[in-house]
Amino acid sequence: MGKLRELFGGKKPKSQPQKPAVVASAPKAAPAPAPKPAPAPKPAFDWSASESFQQRTYPTYEAYTEHQKSKLSKLDLTKYNVEFSAALQERIGKVLNGFKPGGNVLCLGARTGAECDAFIKLGYFPIGIDLNPGEGNRYVVVGDFHDLQYADQSVDIVYTNALDHAFDLEKIVKEVTRVLKDDGVFIAEIVDPSIRGPGDYEAIWWKTLGDVIERIEKGGVTVWENEDFEYPWKGRQVIFVKNGNRAMIAPTQAPTA
């Protein structure tokens, strides 16, 4: 005991400071993921119907154009463009054999331009128009087939497979006849309504092929010939001539003896 007092000089040893107790904190909860925005609802447009036609009713023309423009972003046309161009090249090449090599072609509603590619490979000079041709399109410019930006009687061939996207079919046919030369042809590939019904983007639909062909003829063109086809959907290729001018469309081959 004495020795302990000697060691500490008779003083009580100082107490060592106590380290604060370490209390494990609860792990922070991970922040809740931000809620994903709900997908934009598809625009709901009603249909009006007559005896032979249905027409999608848009509140404004701008609503129509915006709806039609939105379709391209939902499509992957990589494979389609190759296959459609080949199929169209084959059937167009047969029907226009000998007609105006090098003539100009206006393709209406051409999206990314597969039909333009087909006409190029057949030796024509095409340009396409579309409300939304996408970025960097080599073949198609922005345009509206209800209000074409081209001169009267300046086009040899007008081609379209997009009449089922018409807001005003009569106005389109009027524009076609305006820009078409007197000896030109209008090639319309028309979906067969007996095979399927309208999808999300069709703006007009007909009861029969005969109904829509008759309505087109009222715009100042006359059926020259027509033929059914299978791709990219079942329909009929109808070739119209302006003012009933069939004689000027005869192939250039010399007549046989």
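This note sets out points on the fold and on selected residues of a predicted model.

1. Basis. The model is predicted; local features need pLDDT of at least 70, side-chain atom pairs count only at pLDDT 80 or more, and totals for chains, interfaces and linings use all residues. Residues are numbered from 1 along each chain as its sequence is written, and side-chain values use heavy atoms, with hydrogens and water left out.

2. Overall content. The protein chain has 6 helices and 10 strands; helices (H or I, at least four residues) and strands (E, at least two) are DSSP runs, numbered from the N terminus. Of the 257 residues, 40% are buried (under 20% relative accessible area; exposed is over 50%, partly exposed in between; 1.4 Å probe, protein chains only). Among contacts with a separation of 6 or more, 63% involve residues 24 or more positions apart; contact means heavy atoms within 4.5 Å.

3. An open, mixed sheet of 7 strands has the order S5-S4-S3-S6-S7-S10-S9; two strands pair if DSSP finds at least two bridges between them. S5 (140–142) and S9 (221–229) each have a single partner strand, so one side of each lacks a neighbour in the sheet. Neighbouring strands are turned by 20 degrees against each other on average, direction ignored (axes are lines fitted to C-alpha atoms; angles run from 0 to 180 degrees between N-to-C directions).

4. Pair S3–S6. S3 (residues 104–108) runs parallel to S6 (residues 155–160), with 4 bridges. Cys107 faces Tyr159 of S6 across this pair.

5. S1 (residues 47–49) and S2 are antiparallel and joined by 3 bridges; they form a hairpin with 3 residues between them. Trp47 is opposite Arg56 in S2. S2 also pairs antiparallel with S8 (residues 204–206), over 3 bridges, and there Phe53 has Trp206 as its bridge partner.

6. Helix H2. In H2 (residues 61–69), Ala63, Tyr64, Thr65, His67 and Gln68 are buried. Strand S2 (53–56) is included in what covers the buried residues of H2.

7. Ser73. This residue sits in the loop between H2 and helix H3 (78–95). Ser73 is exposed, at 64% relative accessible area. Its side chain reaches the backbone oxygen of Ser70 at 3.0 Å.

How values were computed. A polar contact is a pair of N or O atoms within 3.5 Å; within protein, one must be able to donate a hydrogen and the other to accept it, and residues adjacent in sequence count only if both atoms are side-chain atoms.
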